[in-house]
Amino acid sequence: MREFGYERAVDVSGAVALLGADPDARCLGGGTNLVDLMKSGVERPALLVDVRELPLDRVESMKGGGLRIGATVTNSDLAAHPEVRRHYPALTQAVLAGASGQLRNMATVGGNLLQRTRCGYFTDLAKPCNKRVPGSGCPAVEGEHHNHAVLGASAHCVATHPSDMAVALTAFDAVVRYETVDGPGELPLAEFYLPVGDTPHAETALPPGALITGVTLPAAPVAAHSRYRKVRERASYAFAIGSIAAALDVQDGVVREVRLAFGAVASRPWRARAAERELTGGPASAEAFAAAADAELAAAKTLPHNGYKVPLMRNLVVATLTELAAEAAR
């Protein structure tokens, strides 16, 4: 592990000043991802800025609906918050599916959004990886890739994003708030993660030295009728091989509004816009759900060992939306 400095920030302006002054500085929240990567040598920050004491640990209701979630809110507190459970149940389910209670007690909202891929080649310094060392290659394309991307990947990187929370936030049009030395800014989560393209090492659109201060969830009545489903290779906590955040509003058998986001199939949470367009205004039937899934997955590009993800996601879409439609009919 590289020798590093440590500073505990007492206010947002102080944290931003520290981050802006050193391009090799990193924020330390719960440390559940960053510290592991430091131990393995993947991350080598010169300075850790401890942000755990910043006044960013609240979940607040906004006028007109919606929630404002601070960046240092722990995953446990987010999942248990009554307004989250009432108005965005899929978000609670996603957080609970993401990790054990011990990890949820430490992990924070801001850190969850910034966690990096669990691709074995990325975390192994003995192997090349374009995300870790640009231009070194992507051995996963020809090697171990059974849990890698089928949507939005490129020849330069086929890794997936590991967050469950971010999938649910993507379905509900979350906005990331941040602060820099030049002032505050916002990024819709749909624009927060960059397409992998030929620069997989550039993961987010955050400006240099930015501190995530929170996430805003706009009012979305449909989100109260939502669900998060996660498929993993073992019953205990594990990263997804496929997941879905879905919300459905049905009136007289017709889909009035639908939200869909996929996880574990791309380098970022994947908003299923094509499927949403296919479903809106049409029948809430298993056949329609399957056709919508096919419309979204038509763009999938599989490798020899991850093609199973296409029928897996198709089945997830049909099963989850069928359950939500049945609930709406009761």
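**Close-up 1. Arg 86 is a residue of helix H4 (residues 82-87).** Helices are DSSP runs of H or I with at least four residues, numbered from the N terminus. The model is predicted, with local features needing pLDDT of at least 70 and side-chain atom pairs counting only at pLDDT 80 or more, while totals for chains, interfaces and linings use all residues. Residues are numbered from 1 along each chain as its sequence is written, and side-chain values use heavy atoms, with hydrogens and water left out. Arg 86 counts as partly exposed because its relative accessibility is 48%; the partly exposed class lies between buried, under 20% relative accessible area, and exposed, over 50% (1.4 Å probe, protein chains only). The side chains of Arg 86 and Glu 83 make a polar contact at 2.4 Å. Such a contact is a pair of N or O atoms within 3.5 Å; within protein, one must be able to donate a hydrogen and the other to accept it, and residues adjacent in sequence count only if both atoms are side-chain atoms. From C-alpha to C-alpha, Arg 86 and Ala 224 are 6.5 Å apart, although 138 residues separate them in sequence.

**Close-up 2. Helix H5 (residues 89-98) is mostly covered.** Seven of the 10 residues of H5 are buried. These are Pro 89, Ala 90, Leu 91, Thr 92, Ala 94, Val 95 and Ala 97.

**Close-up 3. The largest nonpolar core holds 54 residues.** A nonpolar core is a set of buried Ala, Val, Leu, Ile, Met, Phe, Trp, Tyr and Cys residues joined through side-chain atoms within 4.5 Å. Ile 69, Leu 78, Leu 91, Leu 113, Leu 169, Phe 192 and Leu 217 touch the most other members. Helix H8 (residues 165-171) gives the largest share of this core, six residues. A second, separate core of 29 residues includes Leu 151, Ala 272, Ala 293 and Met 313.

**Close-up 4. Leu 113 has contacts beyond its neighbours within four places in sequence.** Contact means heavy atoms within 4.5 Å. The partners of Leu 113 include His 161, Ala 166, Leu 169, Val 176, Leu 189, Phe 192, Tyr 193 and Val 215.

Terms used:
Helix = DSSP H or I, 4+ residues; strand = E, 2+ residues; numbered from the N terminus.
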